Amino acid sequence: GVLMTCPMLSYLEQELEKRFKLFRFWETASRPEFLKQNSESIRAVVGNTVSGADSELIDSLSNLEIVSTYSVGLDKIDLVKCREKGIKVTNTPDVLTDDVADLAIGLALATARKILAADTFLRNGFWKNGDFELTTKFSGKSVGIIGLGRIGSAIAKRAEAFGCSISYNSRSRKRNVSYKYYSNVIDLAANCEFLFVSCALTEETRHIINREVIDALGPKGILINIGRGSHVDEPELVSALLQGRLGGAGFDVYENEPNVPEKLFQLQNVVLLSHVGSDTFETCKAMADLVIANLEAHFLGRPLLTAVL
Ligand code: 8YV
């Protein structure tokens, strides 16, 4: 049997149901009771970024062999525990890279050019009384990227096409990359106008965007986060924006989703999306197919397509 932790794409649910005995964790009235009855027959968990596989769940499934997450992010999976117990882990890299990078650029443009505010201005009938305010240029600006993995590199490639100069921060300098490397996030922030967060969420990168980094980016700087909400110290972000110490922010992820600090709602230099980075028909289908292909490969004893562990 396969345990799905929470509702995901209905296509994924249907396709899993065709192939496996599917348990829907969110429909169980009592989780302890459900686990007592069914834990023995569960050999796989399908989780996502809302609900993954924490140590408690892993410990309660004595026959668990594989966690196949419907996400590229692994922060909701206890990888240490999985490694200890020899449980395999797969995710959905590559197939969502383009969409997330596209959206990162979209957020930069929407934030700098105030696209949503300009649209609201027109809809409210204000155009008749005069033109919309001037905004900030994106093309040709200096772009900083935290995390030059698949998504960070795709953002860099797009920003290059906008004539931007690229610099980055990551754990170590990348070989065969001509972008300027900063070993320190504060130095990166001090030397760029648009700062993108696209690294994995780990203990080291939690709150990588703190007050010092925000102040280094400064009142003309724009912060874009398509990584994880917990990369940013959110109360610090809110106060910096309210006090005008940060120029603007475009966010797709938040510390406590689906809760977003409501103080941000009044600000025109902020664009807030509801964690939709990979949510296109094309990509969600590809992610679902990859989740299934990994499970099938595992149960047939074949090599996994996108193994993390
Ligand atoms: C998820 C994401 O796919 O892949 C990730 O890490 O953040 C998203 O694209 C979405 O939240 C569903 O789990």
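Here are some exercises on this structure, each with a worked solution.

Keep in mind that this is a predicted model: local features need pLDDT of at least 70, side-chain atom pairs count only at pLDDT 80 or more, and totals for chains, interfaces and linings use all residues. Residues are numbered from 1 along each chain as its sequence is written.

**Exercise 1. Find the order of the strands in the five-strand sheet, and say which strands are its edges.**

Step 1: Helices (H or I, at least four residues) and strands (E, at least two) are DSSP runs, numbered from the N terminus. Two strands pair if DSSP finds at least two bridges between them.

Step 2: The order is S2-S1-S3-S4-S5, an open sheet with parallel pairing.

Step 3: S2 (22-24) and S5 each pair on one side only, as edge strands.

Step 4: Within it, leucine 3 stands opposite valine 45 in S3.

**Exercise 2. Which strands of that sheet does H11 touch?**

Step 1: Contact is defined by C-beta atoms, placed from the backbone, within 7 Å.

Step 2: H11 packs on the sheet and touches S1, S3, S4 and S5.

Step 3: The direction of H11 makes about 165° with that of S4. Axes here are lines fitted to C-alpha atoms, for helices over the stretch in contact, and angles run from 0 to 180 degrees between N-to-C directions.

**Exercise 3. Check the span of helix H11 (residues 281-299).**

Step 1: The expected span is 1.5 Å times one less than the number of residues.

Step 2: For the 19 residues of H11 this gives 27 Å.

Step 3: The end C-alpha atoms of H11 are 27 Å apart, which agrees.

**Exercise 4. Is glutamine 37 buried or exposed?**

Step 1: Glutamine 37 lies in helix H2 (residues 31-38).

Step 2: A residue is buried if 20 or more other C-beta atoms lie within 10 Å of its own, exposed if 12 or fewer, and partly exposed in between, with C-beta atoms placed from the backbone.

Step 3: Glutamine 37 is exposed because it has 11 other C-beta atoms within 10 Å.

Step 4: For contrast, turn to H11, where the buried residues include Cys284, Met287 and Leu295.

**Exercise 5. How far apart are glutamine 37 and asparagine 129 in sequence and in space?**

Step 1: In sequence, they are 92 residues apart.

Step 2: In space, C-alpha to C-alpha, they are 68 Å apart.

How values were computed: Contact = placed C-beta atoms within 7 Å.
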